Protein chains: 2
Amino acid sequence: MIDKLVEKIKKTKAPVVVGLDPMLSYIPSQIIDKAIQEQGETCEAAAAAIWEYNKGIVDATYDLIPAVKPQIAMYEQFGLPGMEAFKKTVDYCKEKGLVVIGDVKRGDIGSTSAAYATGHLGKVQIGSKRVAGFDEDFITVNPYLGTDGVKPFVDVCKEENKGIFVLVKTSNPSSGEFQDKKIEGRALYEVVGEYVDKWGAEVIGNCGYSQVGAVVGATYPEMGKVLRELMPKSYILVPGYGAQGGTSDALRPYFNSDGLGAIVNSSRGIICAYKQEQYAAFGEANYADASRQAVVDMIEDINHIF
Amino acid sequence: MIDKLVEKIKKTKAPVVVGLDPMLSYIPSQIIDKAIQEQGETCEAAAAAIWEYNKGIVDATYDLIPAVKPQIAMYEQFGLPGMEAFKKTVDYCKEKGLVVIGDVKRGDIGSTSAAYATGHLGKVQIGSKRVAGFDEDFITVNPYLGTDGVKPFVDVCKEENKGIFVLVKTSNPSSGEFQDKKIEGRALYEVVGEYVDKWGAEVIGNCGYSQVGAVVGATYPEMGKVLRELMPKSYILVPGYGAQGGTSDALRPYFNSDGLGAIVNSSRGIICAYKQEQYAAFGEANYADASRQAVVDMIEDINHIF
């Protein structure tokens, strides 16, 4: 799957991913009002609104970008109907040829991680059949439990040609509380980064990059530089650009000298573009066109660093 | 919610929680066969089988125990139908008066953790209504992202009288890779334990324990002792007893001198008891009675340490 991702990045000349993290407050009122009129003030209505909103954005941007990253929490908060909207979004984006990174941040002891890996990347055995659950292309994984909590995901990546991004240094303000703690002179994120390099060594794609990537926030570029060197074969998924404060100048260290090796996420900055002054002229009804323009601008902004 | 849990532990004299972590291989063949006959080799059939199996175990044990802990990964692997079986299990256990600990191990940056907290413990605003998603009583939380990734869960605990158990030292063999790493002489799990104590300080229940508990595996009793002292007001959820190798003798350090402060989980040892030699006489058809006997034996085993 890393081969498909790299190929699509090269083709679109866009090392970017659109984060499909819908909040109800982002969604134009005409979409919400219609959903509530039809289904009441229910999770079903919220899920229907999210789906329509997502579809608009995907239809307006899929030809420009290699990948999307739906954040499952934003769907899970609406219970079962929300999970249905997540699945519908994953399926639709795959139909459109996009690489889908499920931002699920799962991770547990071995047998439990195996179940998550099966449900999100693999297929589960039911009688004589193997059936897919959520079937994303990549997912994000939490490393706190160590190798036996991550290995089941790597195994499924190998069997099914899928990929993962392991949390190494996250973009949030408190990420340093544990991740920056010094262990014999090195930060915990460095130790985790070395494991990522090791876990990924057995699943290198034809493109030279591994199916095991890493999450490193745009908000910590000096650490990005260190981690780029520690994990030369891992793609870095970079959240925190735009709304969280990361700038394109800060992104250079995340890329390798081949101009590859990183993919930058923007969520709010794209999907909620129409609410920003810069794109306000599009108006609420044309929110998807505003998102398209924001994607064009983001690609230009990031490509100017090369 | 910690008050309800402590009250139920005192009433049942059973500091135990039954882990509802169904694997298809655990489920008696008559249940699976019937489900597949009715719905084919589908996730729907698997979910129906899991639900029937769970219901049998809950009906046979709910009067003996304070709480259950469904592991969401075991449901999530069957996609949307699996998630429905999870929700049905949560709702049924709550109807039966059980405290439900959703073993979901969620955790992300602040706004995303807030969505998980809303979906699993709180209520989401839709128009003028506040609607519950999965609505467990407690959930497990991963601390890797630090305070701003955990705080949204604590906030919802305060608003909704719910609780969390934060992963501190997990029961799996590789848990030491990161969790045991020494930071200025102290292990990472100790640093995390101190944060748990701090996070929990603002949500102490009438019983004297906090709504913020911790997960510490039964397989590491010396660390359990250290953590018991570092987090005196946090309930410790102890996985790893039985099938994972932890013994009741090793459990003493997890309890406070009041005989409270810990709740011990057993999953496979209870729900799959009928497959063990000790309970084989019950037979597959009476799997739920075997589970009841295994609960009785587990309670006796644990109570002999006091």
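This is a predicted model: local features need pLDDT of at least 70, side-chain atom pairs count only at pLDDT 80 or more; totals for chains, interfaces and linings use all residues.
Residues are numbered from 1 along each chain as its sequence is written, chains are lettered from A in the order in which they are written, and side-chain values use heavy atoms, with hydrogens and water left out.

**The interface**

- In total, 70 residues of chain A are in contact (heavy atoms within 4.5 Å) with 70 residues of chain B.
- The rule finds 4 salt bridges across the interface, a salt bridge being a side-chain nitrogen of Lys or Arg within 4 Å of a carboxyl oxygen of Asp or Glu.
- K105(A) and D108(B) form a salt bridge through their side chains, at 2.8 Å from N to O.
- Helix α6 (residues 110–120) of chain A supplies the largest share of the side of chain A that touches chain B, namely 7 residues.
- That side of chain A divides into 32 nonpolar, 24 polar and 14 charged residues; Ala, Val, Leu, Ile, Met, Phe, Trp, Tyr, Cys and Pro count as nonpolar, Asp, Glu, Lys and Arg as charged, and the others, Gly among them, as polar.

**The barrel of chain A**

- In chain A, 8 strands close into a barrel in the order β1-β2-β3-β6-β7-β10-β11-β12, with parallel pairing.
- Helices (H or I, at least four residues) and strands (E, at least two) are DSSP runs, numbered from the N terminus, and two strands pair if DSSP finds at least two bridges between them.
- Strand β3 (residues 99–106) of chain A runs parallel to strand β6 (residues 138–141) of chain A, and 3 bridges join them.
- Within this pairing, I101(A) has F138(A) in β6(A) as its bridge partner.

**The barrel of chain B**

- Chain B holds a closed barrel of 8 strands, running β1-β2-β3-β6-β7-β10-β11-β12 with parallel pairing.
- Strands β1 (residues 16–18) and β12 (residues 262–266) of chain B run parallel and are joined by 3 bridges.
- Here V17(B) stands opposite N265(B) in β12(B).
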